[in-house]
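Hi,

Here is the structure I promised to send over. Have a look at it first, and then read my notes below.

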Amino acid sequence: MSERCVSVGVPVPGLGRLTYRVPDHLPWPVRGARVSVPLGSRVVTGCVIEAPVLPPESGMLKDVVEVLDQDAFLPESVVALALWVADYYAAGPGDALLNAMPPKARKGEATSFRRVSIAEWVEHLASRGAGPGDDAGAQAPALRGDKQRAAAALLKSTPEGMPLSELRKAGVGLSTVRTLERAGLVRIREDIVERDPFEAVGGTDRSMWTLEGTTPAGRELTPEQAHAYRHMEEAVLAGQFKTMLLQGVTGSGKTELYLRLADLVLQRGRRVLVLVPEIALTPAVAGLFRARFGRRVTIQHSGLSDGERHDQWHRIRRGDVEVVIGTRSAVFAPMEHLGLIIVDEEHDQAYKQEETPRYHGRDVAVVRGRMAGAVVVLGSATPSLESASNAAAGRYGHLTLTQRVWNRPLAEVRLVDMRQEFATHGADVMISQTLWDALELRLSRGEQSMILLNRRGFATVVFCRQCAATLECPHCSVTLTFHRAMRKVRCHYCNYASVIPKACGTCGGEFLEQSGFGTERVEAEVRARFPGARITRVDRDTIRRRGAIANVLNAVTRGDVDILVGTQMIAKGHDFPSVTLVGVVSADVGLGVSDFRAAERTFQLLTQVVGRAGRGDMPGEAIVQTLYPEHYSVKAAAAQDYAAFYTQEIDFRLRMHYPPTIGLINVVVRGTSLGKALDDAHALASLTKQAGPRATVLGPAPAPMSKIKDEYRAQFFLKGTHRRAMRDAIERALEQRPELRRKTVVDVDPYSTS
Ligand code: ADP
Ligand code: ZN
């Protein structure tokens, strides 16, 4: 048999490599190239994993329909990385490979550069040797009218020609250009240009990319910074893979170290990849890199269209870019010669992708660093337990910055016990007297405050006074949140919305009451208390529009906001020098959740938000309201004592057998009823057990969110130290029940288990 066959990954979760025949009339595709292949009744874009391969012994072979790329679309380094992801995270290889491509490429589109019409003065063409002939200048007809003369002046001054859109802006319309074209004075050519990604930001948002003079090169490092830098420098000079945890309190100058290190790596001719959790929320890091390295940097942000992303991707692929800054998907940027990978705020949960392939950007970054022989720096004030335990075990280098620059003190934190507040002022107190007083003081001094409540909406529960039934989402197992501005109750999982019914659906009672509060209610109370103050709220309800968050952040920086109310969005790495007070309305929002990371998340959020206070010349203060002032995550955050938190938390994880002390895989099975989901989960769990997972299988049980968007969910866990054996056992089980594949989600190293 001399059939030409290739193995291809197609974007179907969990599906392995497929073999296709390459018909004689098609070119031979290489590994990493895209091909169109038939799959069932569809034709999909896949990626070649191996060529050639032997044809399978049995079964009909289908033909590749089209070879989309002459050369590899994905560079070998990214193919290898994606295949590692597919294997480790139990996703299909096609899923992981296509995930590493820009969205448009997944649909099989080639390029999407913008076409522009450019007008050129013909004499320029002649002088470049590309003109119509010697006599073009000699017979030039006279120019008529001001418009033609203006056009001529503009075009004569731009030898490369001018886009028609630019000419129009300068007052020269299309008809004038066409007239000149007919007279042989102007030629119009079609050009393909790449979009400048910074253009897309537009308007006032643009300022976020052009922070000026914020990092004068050559300023002196603090002794702690210098010490940490020496170690990182050494690693870079060694030119080998090494991972380092840079643990520095908020405001200790980690970003400055990233910039210097990047500079060093670039000087040595290698490239730099910087991962950030969310660019819109923390534009400062991206802006600083842009300010320092200019056009050698490309920044990937959510404001980019698919087309812009595509252009950028090709610029990187061609090697035109030396520094890439982006969110988790940028870990697959098609860069060669990587010398340094920085993962800023490495603890942030945004690094975990919650759809297949369910990879963790930080962990993939470390693997990429190993494959590329690059230095990996993980930076955080509140490292994940994973990274901290790796550092403690000596697998990562560990560098610490314990002081803020200029020895600015960390904010002083006061805990307010809300149980006492309720005892004296009643149970519906939202903001304590202590916090009101502190806010008033800041207003009187013209300083800024931030108030955090990590829960949006006005009221979190609507219930019947007669039978106590709550309003629940008809599609999900959660209560609906009341949003006053919309006059509707809304589901935060599926977006279902409705007006509050006139009567209780259970008993017909007519008195529906609200309880619980979110950011919308906090904003309303603060406004009522301080009518003259400039108050802004930031949460997913107010920040829907692209660019809206940048406008708010800029307004705070300019001093146009007195009090900023918001969810965790306001806790990220912002550097607002005039914020001197941070209030936390309820530190406990995340603690009631049945999730092994509840304490870690609470500690991180509180420490980060407290770190927003006192970053300028004035000292900061934080007031944290809580029902559990003795809880170790609240106490450690108040003391901003990472070590104390880590010691207690790692002990809890050890005792309870939770990551990072053990490997965890979560298997969720969906069904049209909870009974069906549970039955299937039972079947899969026992097949998994039979397959010898070398791990404990726990469950199945209904997932904490047992119904989302009309789908019921049951789950079981595998806990063990042999991830390979655990994944293989699940794979064996799914091979025996292939019809369950599409209902099953396998989450390796799950971030959340609710
Ligand atoms: P982090 O990222 O650790 O929270 P930043 O890098 O934002 O801290 O630094 C906090 C502030 O200190 C920034 O305004 C930064 O420009 C400034 N800074 C950093 N290093 C130095 C230094 N060596 N000398 C003076 N200012 C510095
Ligand atoms: Zn819902």
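How far does a backbone N or O atom of G253 lie from an oxygen atom of ligand 1? The distance is 3.0 Å. Before going further, please keep in mind that this is a predicted model.

**Ligand 1**

A polar backbone atom of S252 is 3.2 Å from an oxygen atom of ligand 1. For T255 the contact comes from the side chain: one of its polar atoms lies 3.0 Å from an oxygen atom of the ligand. On its own, ligand 1 would expose 560 Å², and the protein buries 81% of that area.

Now look at the whole shell. There are 18 residues around ligand 1, and R219, E220, Q225, G251 and K254 come nearest. Sorted by class, the shell has 8 polar, 6 charged and 4 nonpolar residues. If you want to find your way by secondary structure, start with helix α10, residues 254-267. This helix gives the most to the shell, with 3 residues.

**The zinc ion**

Next, turn to ligand 2, which is a zinc ion. Which atoms coordinate it? They are the SG atoms of C473, C476, C491 and C494, at 2.2 to 2.4 Å. Along the chain, these donors follow the spacing C-x2-C-x14-C-x2-C. One pair among them, C476 and C494, links distant parts of the chain, 18 residues apart. C476 sits in the loop between β19 (461-464) and β20 (481-483), while C494 sits in the loop between β21 (488-490) and β22 (497-498).

For four tetrahedral donors, the ideal angle at a metal is 109.5 degrees.

Is C476 buried or exposed? Its relative accessibility is 2%, so C476 counts as buried, given that buried means under 20%. C494 has a relative accessibility of 22% and therefore counts as partly exposed.

With a relative accessible area of 40%, R724 is partly exposed.

Best wishes

Key. Residues are numbered from 1 along each chain as its sequence is written. Chains are lettered from A and ligands numbered from 1 in the order in which they are written. This is a predicted model: local features need pLDDT of at least 70, side-chain atom pairs count only at pLDDT 80 or more; totals for chains, interfaces and linings use all residues. Side-chain values use heavy atoms; hydrogens and water are left out. A residue is near a molecule or strand if one of its heavy atoms lies within 4 Å of it. A polar contact is a pair of N or O atoms within 3.5 Å; within protein, one must be able to donate a hydrogen and the other to accept it, and residues adjacent in sequence count only if both atoms are side-chain atoms. Accessible areas come from the Shrake-Rupley method with a 1.4 Å probe; for residues, only the protein chains shown count as cover. Helices (H or I, at least four residues) and strands (E, at least two) are DSSP runs, numbered from the N terminus. Ala, Val, Leu, Ile, Met, Phe, Trp, Tyr, Cys and Pro count as nonpolar, Asp, Glu, Lys and Arg as charged, and the others, Gly among them, as polar. Donors are N, O and S atoms within 2.8 Å of the metal (3.2 Å for Na, K and Ca); water is not among the atoms, so sites may look incomplete. Buried means under 20% relative accessible area, exposed over 50%, partly exposed in between (1.4 Å probe, protein chains only).
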